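I opened a new notebook page for this protein.

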Amino acid sequence: MKQEDIDKIAAVLDDLKCRTLKEVEEARVKFLGKKGEITALFDEFRNIDRSEKATFGKVLNELKQKAIARIEELKMQAIDDGAAKDTKMDLTLPGDPFELGSRHPVSIVRQEIVDIFRKFGYDVAEGPEIEDDYHVFEALNFPPNHPARDMQDTFFVSVGHLNPLLLRTHTSSVQVRTMEKMDVPIRVICPGRVFRNEAISARAHCIFHQVEGLYIDENVTFADLKQAILLFAREMFGPDTQIRMRPSYFPFTEPSAEVDVSCNICHGKGCNICKGTGWLEILGCGMVDPNVLEASGIDSKRYSGFAFGMGLERIAMLKWRVNDLRHYFENDMRFLHEFASATEV
Ligand code: PHE
């Protein structure tokens, strides 16, 4: 075995040039294949004199490592060259378009309602989803242990306090916060997510969305409430829409009413959406109870007001005839794509 032979191979490796991957593979076989030049040197190494083994063992291994590294290097170069020469790639083509999403039906309805009330001069107010008992119940005239609290099964976050934390069951809590902060006259709507401990079905869910409204000033009457709701209903459901009010009960309003709009599908004749009645229930409302005004420091002798609240999923169901509330929360793309055209605003 001669050092000269080894140096010669090392020099050839340094100068080696390959244009294609095929040439790289041929070079690999030439040096490192079963009958390759370096493999042959290893065969020879087995038979050399013991005294020579110490000298050549190290250099031979270094030569082999060098060959492996050089072949790898040539391979990467050949791959890069190949890609650059690939004439099928047209770098002037535009990229793939992103698939655009669409707005969620609940967001679309919320925006519509907000836009209508903005035109009437209402501001938008927001508040926390994790609330305390005071703002969700007590300030709204629900005394402790009042049976009305059972109307809304509540998710409690902490219990055992006088004022436990809970997930708000309505956005009326935002109205309380607004009355605490703002001076009269007040005209706000409060859109937001609310939570009630209900079994999930086609008609009920433990999470849903509301828009509630509050109007307080001197001399506000039930006639103002009725007119505001009528104007809203006509903007929302069409100019021929009729409303009717039915007496109801809420602890925070007196008197209270539930509002129906004339069915915009059968126009009052009766169909399966309005269950043959010609009317669809859309919201609850009433004159703010004087106790509620006083609890937030508003003089109930001088001021009066009205409040109303509606569920967005319910309104979206009526608008698009969706028959199952659960669709709103399942993020099924087939359902969401149905609203793509309604998104163009
Ligand atoms: N807060 C009531 C609810 O969640 C709705 C409502 C608001 C009723 C304002 C009357 C006045 O059901």
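Helices (H or I, at least four residues) and strands (E, at least two) are DSSP runs, numbered from the N terminus.

Before going on, I noted that this is a predicted model, where local features need pLDDT of at least 70, side-chain atom pairs count only at pLDDT 80 or more, and totals for chains, interfaces and linings use all residues. Residues are numbered from 1 along each chain as its sequence is written, and side-chain values use heavy atoms, with hydrogens and water left out.

Next I looked up the pairing of strand 5 (residues 207-218) with strand 9 (residues 303-311), which is antiparallel over 9 bridges. Two strands pair if DSSP finds at least two bridges between them.

I then checked what packs on the sheet and found helix 7 (residues 172-181), which touches strand 4 (186-195), strand 5 and strand 9. Contact means heavy atoms within 4.5 Å. The direction of helix 7 makes about 35° with that of strand 5; axes are lines fitted to C-alpha atoms, for helices over the stretch in contact, and angles run from 0 to 180 degrees between N-to-C directions.

I wrote down the strand order of the open sheet: 1-4-5-9-8-7-6, 7 strands with mixed pairing. Strand 1 (123-124) and strand 6 (243-250) are the edges, each pairing on one side only.

I turned to what follows helix 5, where G121 has a positive phi of about 95°.

Last, I looked up the domains, whose bounds come from an automatic or database domain assignment. The assignment gives domain 1 (3-86) and domain 2 (105-339), and their centres, taken over C-alpha atoms, are 80 Å apart.
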